[in-house]
Structures are given as C-alpha cells and as structure tokens.
Amino acid sequence: MEGSESNRGNWQVHSAADYTHSRVMEIIRSHLPVLEGKKVCDLPCGAGALSARMAEAGMKVTPVDLEKTEPFQYDPTLIVLADANLKLPFEDGEFDAVVSVEGIEHLENPSHFLRECARLLSSGGLLFLSTPNVDSYHSRRSVFAHGYHRFFMPVDPAHKMASHLLPVDMTFVRGAAERAGLSVIDVGVNRLSGKNWWRELLRPLFTRKLPNEMKGQVPFYGDVIIYVLRKG
C-alpha cells in the first residue's frame, strides 16, 4: 500500500509516499532489464507491498525489518528481523540489489547503513534508496516558514513525525556513498509535483549556493527522492 502524506504529521509509518513504489519499480526495471532470479534485500520492508511487487517480477526477495507488520502483503515466513542500525545478518556480497524505501531517515547512523548496504552487495550491485526530498522547493519553504524540513515536524520536544530522525540531503548521500564505496548513477523523484512558472523564478534564488549538478529539475521538485547507487 502507498499512503498519502502531508506536513501535518500523517505520514504512514508502514507505507510509502504516493507513487513511490511504482516509480521505484520503474527505476529498478530501467537499471536491471532482467529481473528473473535477481537476489534482492528489501530493507525496511514495512508491510511487504514492494517485496510482493518485486517477487511478482521474478526477483528472489528477502524482506527485512525491525519487527513484523500485520497484515503482511508478502510471504511472512521469509521476513528477517534485524536492526538496520547494527550489522545486518547476511554475508558479504549476498545480494544483487538492495532496495531501501524511506528507511534511512529513521536510522541513528545513516553512514553506517550505507556501508552495510555496500557490504551486502555483490560487485557492481545496485542500491535503490529513497528518502523524503529535503532539497525540494516545498521542504526549503517549510524550513523558512516553520523552522523544520517537510515531513520532519516535531510532535514533542524529543520526537519527529512518523519516527523520522534525520533529514538526509543530496550532499550527504553523495559524500557518504563515496566513503562506502558506492557511486550515485541516477536520481529521480516519486512524481514531479509542484512545478510552475513562479517557482521556477524562485529556483535560482533557492539553489544559488548549491553545486551545479544539484541546480536542475531534480531534486528541486518531488516529495521523495530516489537514488540509484552502484558498488565499485
């Protein structure tokens, strides 16, 4: 299931933002034309909706999460319970791909998570990683208007909405990925929402201090940013 979201705090804990699963599947297919038999780790798997989609496409899916979610939309006997803040219970190079949809922003150490994803991947393996797009126009406006990134609204002095911990921006991902032995080979969004003429007029102002490769259409629009990273 893909759940709708807002800046008011109703992000679905075990769901993805609108269109995210569909876009992730499109991006997976564009980078892995042959899916049959590919070993993939879905982390966090949530309610198993994306695991089910990947399995239907012929991939051998290992769903992983901190706890079981009921009802589960994939085979519940395959779930591996593990804490992504720690070392994951898999061998080096065990998977052809790792898919992590809106999980990294929940973790205490995103850099450690990227290193673990790199360890799990075979040489040339791919990580498909999504997270709330804090580089977007909407998120930058939220910082200006409210003092916090979109989808990271405080719900009390010690917690943010939907158990989000850290906003993960594009500069962090590029640097942490490089240190983990991964390279960013593609970037997309769940949907190109919010683009209009007056926001385009504001884009040079909002992005004037960013590196040149970050000033284009992606990631200035879109609620969720989707990275494709390659090992090696």
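Cysteine 41 counts as buried, because its relative accessibility is 0%. That value, like the others here, comes from a predicted model.

Stay with the cysteines for a moment. A disulfide is a covalent bond between the sulfur atoms of two cysteines. How many disulfides does the structure hold? The number is zero. Cysteine 41 is in no disulfide. Its nearest cysteine sulfur belongs to cysteine 117 and is 7.4 Å away. For a disulfide, the two sulfur atoms would have to be within 2.5 Å.

Cysteine 45 is buried, because its relative accessible area is 6%, and the cut-off for buried is under 20%.

Next, move to strand 4. This strand covers residues 95-101, and serine 100 lies in it. Is serine 100 buried or exposed? Serine 100 counts as buried, because its relative accessibility is 0%. What does serine 100 touch, once neighbours within four places in sequence are set aside? Its contacts are Leu43 and Pro44, then Phe113, and then Phe128, Leu129 and Ser130.

Now the helices. Two packed helices are described by the angle between their axes and the distance between the axes. Take helix 1, residues 20-31, and helix 2, residues 49-56. Their axes come within 11 Å and cross at roughly 35°. The crossing of helix 1 past helix 2 is right-handed. Helix 1 brings His21, Ser22, Val24, Met25 and Ile28 to the contact. Helix 2 meets them with Ala49, Leu50, Arg53 and Met54. By class, six of these residues are nonpolar, two are polar and one is charged.

The other pair is helix 4, residues 137-146, with helix 6, residues 197-207. Here the axes are 11 Å apart, and the packing angle is about 70°. Helix 4 and helix 6 are therefore roughly perpendicular to each other. Helix 4 passes helix 6 in a left-handed crossing. Which residues make the contact? From helix 4 come Tyr137, His138, Arg140 and Arg141. From helix 6 come Trp198, Arg199, Leu202 and Phe206. By class, this contact of helix 4 with helix 6 has four nonpolar residues, one polar residue and three charged ones.

Terms used
Residues are numbered from 1 along each chain as its sequence is written. This is a predicted model: local features need pLDDT of at least 70, side-chain atom pairs count only at pLDDT 80 or more; totals for chains, interfaces and linings use all residues. Side-chain values use heavy atoms; hydrogens and water are left out. Axes are lines fitted to C-alpha atoms, for helices over the stretch in contact, and angles run from 0 to 180 degrees between N-to-C directions. Helices (H or I, at least four residues) and strands (E, at least two) are DSSP runs, numbered from the N terminus. A crossing is left-handed if the near helix is turned anticlockwise from the far one by less than a right angle, and right-handed if clockwise. Contact means heavy atoms within 4.5 Å. Ala, Val, Leu, Ile, Met, Phe, Trp, Tyr, Cys and Pro count as nonpolar, Asp, Glu, Lys and Arg as charged, and the others, Gly among them, as polar. Buried means under 20% relative accessible area, exposed over 50%, partly exposed in between (1.4 Å probe, protein chains only). Angles under 35 degrees count as roughly parallel, over 145 as roughly antiparallel, 65 to 115 as roughly perpendicular and the rest as oblique.
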